[in-house]
Amino acid sequence: MFVRAKKSGAYEYLQVVENQRVDGRVQQRVIATLGRLDLLKQTGKVDALISSCARFAERVAVIDAHKRGQLSPAKTIKIGPSLVFERLWRQLNLHRIIPNLLANRNYEFDLERAIFLTVLHRLMVSGSDRAAEVWRSDYDIAGVDSLQLHHLYRAMAWLGESLPADQQFAATPFAPRCNKDQIEERLFAERKDLFSGLELVFFDTTSIYFEGSGGRSIGAYGKSKDHRSDLKQMVVGVVLDEAGRPICCEMWPGNTTDAKTLIPVVDRLQQKFAIGRICIVADRGMISKQTIRQLQDPSRGVHFILGARMRALKEVRETVLSDEGPFEQVYGPKKSSKDPAPLAVKEVWVESRRYVVCYNQDQARKDAADRQAIIGGLQDQLKRGDKSLVGNEGYRKYLKAPSEGRVFTIDEQKIETESRYDGIWVLQSDLELSAREVALRYKELWMVESIFRTMKSILQSRPIYHKRDETIRGHVFCSFLALVVLKELQSRMAERGWVAEWNRLKDDLDSLTETTVESAGKSFVIRSQLRGDAGRAIQAAGVCLGPGVRTV
């Protein structure tokens, strides 16, 4: 039912009209004609009519009064993040998986709610868990009001707690099986239909350093990818499927080399996730002769696409890169920003070992320009003196050590050698795919690196102040669970053709609030307007918002 102005002759008349369906078609029926619009306005009868109707439109009156600032809000609380991620948490069945693993252990607090609060805080704010118990007071999150900081720490300790000895089958050599492993395996089983075609998995590692003294055994000094070799660290590995869905994460002492991590991960995927045929795609740090022999063991049935260390491996440096065979063009030069990056490939065999050499023309130009910028800066620095240059890793690479009584000079031979690698990367694989397909599969590994950037910059697993191994493992696993629900949301939005930058979407969700006000002796809750991509996220999660105003 609505009001319209209907022109008839020289005048407009105000009518009350309703839509009705007749024989499958919508028709409008005039309920009443209120009179000439100009006369109604002159006499003020329109205003009087609206005021009279407003007595029966309580919620509209409340909204208008609130907009005019005539009602003092009793409470305003944020609802967007919990609406979306609580729904996804439940649809992934995590609200059942976690309590079911507690068996007969009784906690005086809701452990599942403590984990969800930590995950939601990691998504929206990141950083230290110490702020989560204060942060939650501004949000409507079910079941967390009584939680305190020590409850969050105990929940994380439970996640990283070792399982009994009879449940350590398929544990890696570097870390025991924990409660978090069981959550990963049950979560995978819940979503197994999504992974039904799982044959390609991506694996990569990173290091996370400790602000404090680190774990008892998991904290160790090692090669830091954050360039913080002065601090103890741990190694974190993440496995994704080809759609970017996180499958599991592994945590090892900080001195564990990447080459030792690949086989234990493959074995766990086969033994605990019941994944048969696997093609593992991993970065060049994973490759070694022993690793490849183990992957090719007939009992495993595993194929691989591994990045090769061009500078470190003599066979690659001297034989593979010296091959003069022609490249096959996969993608030509970019004509627009949406075009794929240029790519050319060629296959090189060394005895029974198959290599794929990849070349990106745009990257080659960038590598050459970056090197020239370094050389230009180095030349300027040499004019001022060379003592400060040795500590600069970028400069040191192109310096020639001085003979007695002389100064540092630029190593022209090193510059020429480095130019060989411009825009080049080399893969080793045993897959019966074309060189083109092998290269494209490996490029998808960058998706894993993007996930790591999300994990370390957006979700910020640091700073880690915990000292116990159990709590540290739980802390990092909460970041993993945050990745799981975030990827679930992004996948559902992508299915609808929606892509939203996470930091902007996070702000849009954070802006959705509910305000409680008092009017005429009643309490009303008014929801704010949806902003930006928040509506799309809520729709993708399957949330129904309901009315904008409701009585308490």
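Two strands count as paired if DSSP finds at least two bridges between them. Helices (H or I, at least four residues) and strands (E, at least two) are DSSP runs, numbered from the N terminus. The model shown is predicted: local features need pLDDT of at least 70, side-chain atom pairs count only at pLDDT 80 or more, and totals for chains, interfaces and linings use all residues. Residues are numbered from 1 along each chain as its sequence is written, and side-chain values use heavy atoms, with hydrogens and water left out.

**View 1. Pairing of strands β9 and β15.** Glycine 307 stands opposite leucine 427 of β15. Strand β9 (residues 302–307) pairs with β15 (residues 424–429) in the antiparallel sense, over three bridges.

**View 2. The nine-stranded open sheet.** The strand order is β7-β6-β5-β8-β9-β15-β12-β11-β10, with mixed pairing. At the edges lie β7 (246–253) and β10 (328–331), each of which pairs on one side only. Neighbouring strands of this sheet are turned by 25° against each other on average, direction ignored. Axes are lines fitted to C-alpha atoms, for helices over the stretch in contact, and angles run from 0 to 180 degrees between N-to-C directions.

**View 3. Helices α16 and α18 across the strands.** Helix α16 (residues 435–443) lies across several strands, including β5 (200–209), β8 (278–282), β11 (343–350) and β12 (353–359), and runs at about 115° to β11. Helix α18 (residues 469–495) lies across β6 (233–241) and β7, at about 160° to β7.

**View 4. Packing of helices α6 and α8.** Helix α6 (residues 111–124) packs against helix α8 (residues 149–159) at an angle of about 100°, with the axes 9 Å apart. The two helices are therefore roughly perpendicular, a class that covers 65 to 115 degrees. The contact (heavy atoms within 4.5 Å) involves Leu111, Ala114, Ile115, Leu117, Thr118 and Arg122 of α6, and His151, Leu152, Ala155, Met156, Trp158 and Leu159 of α8.

**View 5. Surroundings of cysteine 248.** The structure holds zero disulfides, a disulfide being a pair of cysteine sulfur atoms within 2.5 Å. The closest cysteine sulfur to that of cysteine 248 belongs to cysteine 249 and is 7.1 Å away, too far for a bond. Cysteine 248 is buried, at 2% relative accessible area, whereas cysteine 544 is exposed at 71%. Buried means under 20% relative accessible area, exposed over 50%, and partly exposed in between (1.4 Å probe, protein chains only).

Notes
Parallel < 35°, antiparallel > 145°, perpendicular 65-115°, else oblique.
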